[in-house]
Amino acid sequence: MKKRKVAILTSGGDAPGMNPCIRACVRFGLYKGLEMFGVNRGYQGLIDDEIFPMNSRSVSDIVQRGGTFLKSARCPEFRSLEYIGKAVDNLKRRGITHLITIGGDGTFRGAKDMADNFDISVIGIPGTIDNDLAYTDFTLGFDTAVNTVLWAINSLRDTMGSHDRCSLLEVMGRHCGDIALYAGICGGAEYILVPEVPYDLDAIAQSLTKARERGKTSNMIVFAEGAGDREKILSYLMEKTGVKITTTTLGHIQRGGSPTMQDRILANKFGERAIELILLGASNRVVGIRNNSIIDENVSEALQMPRKFDKKLYDLAWIMGL
Ligand code: F6P
C-alpha cells in the first residue's frame with residue numbers, strides 16, 4: 001500500500017510551542033507509517049513550492065526552541081482561489097494529500113478555503129500567543145507569553161517598590177485581553193485594561209489616589225495593546241493623580257522564548273491528535289483543549305464560535321488588587 005503523505009506548515013505570527021508541535025507531528029506521523037513533509041514560510045512557501053521531505057532527524061534539537069524552524073509569514077495572496085489552487089498543485093505533484101497548519105484564525109480561514117474548494121484534507125492546530133480562538137481553552141504559545149510577561153512584571157515590581165512608582169506595562173493583544181488578564185492577576189497588578197471590558201479612567205485615577213492615601217506606595221497597571229491609546233491613558237492618569245508613572249512596552253519579546261512545560265505538553269498532544277485525525281480520514285477539523293481534554297472541532301464551527309472573555313477572573317483580579 002502506498003504511504004499517505006502529509007505536509008506541515010506554520011503561518012501567521014509565530015508562537016513558542018510551534019517547534020515542539022512540528023516535532024510531535026513528524027515523529028508521531030513517522031511512527032504511524034506516514035510520509036512527512038515540511039513547508040517553509042507558511043502559505044507563501046506553499047505557493048512558491050518550498051516543500052521538502054522530513055525525517056526524524058529533521059526535527060532534532062528544536063523541542064526547546066521558541067519560534068518556528070519552518071519559518072512563518074503572513075500571506076494576503078492566500079485569500080484568492082487562484083493562488084490557493086497553485087499551492088494545492090504543488091502538494092498534489094508530490095502526491096501529498098494531507099496538510100497540517102499551525103497558526104491562528106487567519107491560518108484556519110486559509111485551511112478552510114483550501115479544503116472547501118480542492119481535494120485536500122486539512123487539519124488545524126492552534127498556535128498563537130493571543131489565546132483568541134473561542135473553541136479552545138488554550139492555544140500554543142499563550143502560556144510561554146504569559147510567563148514572559150510575568151518575568152517582566154516581577155522585575156518592574158522590584159524597581160517600582162524601591163522608587164514608590166507606578167508602572168504602566170503594555171502587552172500584546174489587539175482584540176484579546178487574555179495575556180494582560182492572566183499575567184496581571186498572577187503578577188498582582190492593581191489595574192488590568194483589556195479590549196473586552198470598558199473602563200473608567202476617572203475611577204482608576206480616584207482609586208490610585210486613594211490607594212496612595214491608604215499607604216500603597218507602588219502600583220502596576222497592565223494594559224493590552226488593543227485597550228486604548230497608551231499615551232492618552234498615561235497623561236490623563238499622571239495629571240489627575242500627580243503620581244509618577246513609567247511605561248514599558250514588551251512588544252515582540254512576548255513572541256519568543258523557550259516554550260514552557262505547558263506549551264510543550266500541548267504541542268505533543270495536539271500533534272498526536274492531528275495525526276490520529278488524518279489516519280481516521282478526517283478533514284476540515286481543528287484540534288484544541290477544553291476542560292483539560294484534547295478535542296477536535298469542525299473548522300467552520302470553530303471559527304464561528306463567539307469568544308468568551310473570563311469576566312469572573314477579571315473581576316477577581318480587581319478585588320485582589322484593592
Ligand atoms: O501573534 C499575535 C500578535 O502578537 C498580536 O498580539 C500583535 O498585535 C501582532 O501579532 C503583531 O504581529 P506582527 O508584528 O507580526 O504583525
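**Cavity and ligand site at a glance**

The largest cavity holds about 40 Å³ of space, a volume being what probe spheres set on the grid points fill, with points joined across faces, edges and corners. A cavity here is a set of points on a 1 Å grid over the protein atoms alone where a 1.4 Å probe fits but cannot get out. This is a predicted model, where local features need pLDDT of at least 70 and side-chain atom pairs count only at pLDDT 80 or more, while totals for chains, interfaces and linings use all residues. Residues are numbered from 1 along each chain as its sequence is written, and side-chain values use heavy atoms, leaving out hydrogens and water.

**Cavity**
- Searching the whole structure turns up 1 cavity of 30 Å³ or more.
- Its lining includes Phe108, Val122, Asn284 and Arg285, lining residues having an atom within 4 Å of a point.

**Ligand shell**
- Around the ligand sit Arg74, Ile129, Asp130, Met172, Gly173, Arg174, Glu225, His252 and Arg255 (a heavy atom within 4 Å).
- Domain 1 (5–141 + 259–304) and domain 2 (143–255) both contribute to that shell, so the ligand lies between them; the bounds come from an automatic or database domain assignment.

**Polar contacts** (N or O pairs within 3.5 Å)
- Gly173 puts a polar backbone atom 3.4 Å from a ligand oxygen.
- The protein buries 78% of the 400 Å² that the ligand exposes when taken alone (Shrake-Rupley, 1.4 Å probe).

Definitions and conventions:
Polar contact = N/O pair within 3.5 Å; in protein donor to acceptor, adjacent residues only side chain to side chain. 1 Å grid on protein atoms, 1.4 Å probe; cavity = no way out; pocket = protein on both sides within 12 Å on 5 of 7 lines; lining within 4 Å.
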